[in-house]
Amino acid sequence: MSLKTICTVMGARPQFIKAAPVSRALGTSFREILVHTGQHYDYGMSDVFFQEMEMRPPDFNLGAGGGTHGEQTGRMLVEIEKILDSVKPDYVLVYGDTNSTLAGALAAAKAQIPLAHVEAGLRSYNRAMPEEINRVLTDHVSSLLFCPTDAAVENLSKEGITKGVHRVGDVMYDALLYNLASARKRSTILDSLGLEKGSYALATVHRAANTDDPARMTAILNALGLLPTRVIFPAHPRTRKMIREAGLSVSSNVVMVEPVGHFDVLILQENANCILTDSGGMQKEAYLLGVRCITLREETEWVETVEADWNKLTGVDGNAIRSAFDGWHPAGERPALYGDGQAAEKIFQILSGNVL
Ligand code: UD1
């Protein structure tokens with residue numbers, strides 16, 4: 001019997017991290033074709049993750065990064081359609097909520113190839129976020145919906161999606177369990193930045209709602225500048241560009257560095273006194289590592305972390321950020337919100353047809 005073919009479409013930093021454990025689980029039981037859309041293309045945003053995750057190079061690289069959302073998604077769609085036409089996979093597999101996710105989903109739906117969505121069912125209920133549009137549309141054309149949390153299953157059910165829905169846990173947790181040991185052995189980031197455990201906060205900002213609004217970006221930089229701690233700030237290209245173009249100033253306690261690889265970011269998170277971010281992945285990693293997280297947004301898809309009191313939603317309000325930083329230290333338990341670290345294995349079993 002010939003192997004079933006899965007076409008994995010990815011293109012942005014967190015997708016390389018999420019795809020790695022699933023690719024390992026698929027192993028040689030499937031023929032997996034890797035399509036990199038090229039949404040992220042810098043060494044520090046892409047190649048370093050393939051090296052650290054020990055992923056083989058993609059079979060196709062579409063070079064479709066940059067441009068407006070429509071141009072970017074459209075270019076990807078045209079190219080993915082050609083690949084699906086020649087490869088004729090049994091499934092298309094997409095991750096998360098980026099433009100690469102949506103392009104893969106639309107290409108699969110139009111070619112009538114079953115679509116499997118990892119990280120299905122997440123909602124911020126904020127339609128101004130491009131990610132929200134991407135994830136809602138992707139879920140509505142998926143045949144298999146792999147949900148990380150109970151809340152995600154409920155969100156889908158509210159939209160009438162109950163068929164093909166599997167609560168498998170979060171592949172980011174699988175990734176974290178796998179990568180943390182290597183990160184502890186290999187990362188030298190603390191030494192190279194002269195940091196000790198608990199002596200600094202870690203901040204990242206890349207959401208368009210923050211980076212593309214000078215008033216919000218200014219409010220974030222001011223709040224970071226007033227924290228009574230050193231703040232390590234690996235800046236996404238989008239963020240760096242905004243700071244440069246708007247001529248925003250960065251206080252001396254804020255150490256802006258290039259984006260770091262996954263091993264380094266895990267070590268920076270594990271040893272921080274606080275994480276301040278608008279990233280979705282880092283809100284969960286903070287929880288899993290037992291580090292408090294201040295989320296620089298008004299809403300989150302990862303509501304469980306807030307309910308468990310490990311995450312505070314402050315938006316960009318300087319007073320709220322400062323009072324959370326000074327006065328809030330989660331003492332609570334950390335229940336297993338994101339599964340048992342075997343999400344990729346469950347996905348493999350379902351794709352293999354062993355679970356209905
Ligand atoms: C994308 C995703 C977001 C995800 C994030 C992870 C969408 C709509 N957003 O946002 O959900 O959380 O990735 O990082 O898909 N750029 C570079 N070098 C790169 C990559 C990007 O300079 O390697 C520049 C681009 O040219 C662009 C900007 O950064 O000007 C933003 O890139 P974009 O592809 O829009 O996505 P992200 O902001 O990274």
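**Close-up views of a predicted model**

**View 1. Strands β2 and β3.** Strand β2 (residues 30-36) and β3 run parallel and are joined by two bridges; strands (E, at least two residues) and helices (H or I, at least four) are DSSP runs numbered from the N terminus. H36 is placed opposite N61 in β3. The model is predicted: local features need pLDDT of at least 70 and side-chain atom pairs pLDDT 80 or more, whereas totals for chains, interfaces and linings use all residues. Residues are numbered from 1 along each chain as its sequence is written, and side-chain values use heavy atoms, with hydrogens and water left out.

**View 2. The open sheet.** Seven strands form an open sheet in the order β3-β2-β1-β4-β5-β6-β7, with parallel pairing (two strands pair if DSSP finds at least two bridges between them). β3 (60-61) and β7 (165-167) are the edge strands, each pairing on one side only.

**View 3. The two domains.** The domain assignment gives domain 1 (5-170 + 339-351) and domain 2 (178-327); such bounds come from an automatic or database assignment. Their C-alpha centres are 25 Å apart. Domain 1 puts 24 residues into the contact and domain 2 puts in 19 residues, where contact means heavy atoms within 4.5 Å.

**View 4. The shell around the ligand.** There are 22 residues around the ligand, and H40, D42, N99, H236 and R238 come nearest (a residue is near if one of its heavy atoms lies within 4 Å). Domain 1 and domain 2 each provide at least three residues of this shell. At least two residues come from each of α1 (13-26), α3 (69-87), α5 (130-140) and α11 (237-245), and α5 gives the most, with three residues. By class, the shell holds six nonpolar, 10 polar and six charged residues. Asp, Glu, Lys and Arg count as charged, Ala, Val, Leu, Ile, Met, Phe, Trp, Tyr, Cys and Pro as nonpolar, and the others, Gly among them, as polar.

View 5. In the side chain of Q39, an N or O atom is 2.8 Å from an oxygen atom of the ligand. For H236, the distance from a side-chain N or O atom to a ligand oxygen is 2.6 Å. A polar side-chain atom of D42 is 2.8 Å from a ligand nitrogen. The ligand on its own has 750 Å² of accessible area, of which the protein covers 88% (Shrake-Rupley method, 1.4 Å probe).

How values were computed. A polar contact is a pair of N or O atoms within 3.5 Å; within protein, one must be able to donate a hydrogen and the other to accept it, and residues adjacent in sequence count only if both atoms are side-chain atoms.
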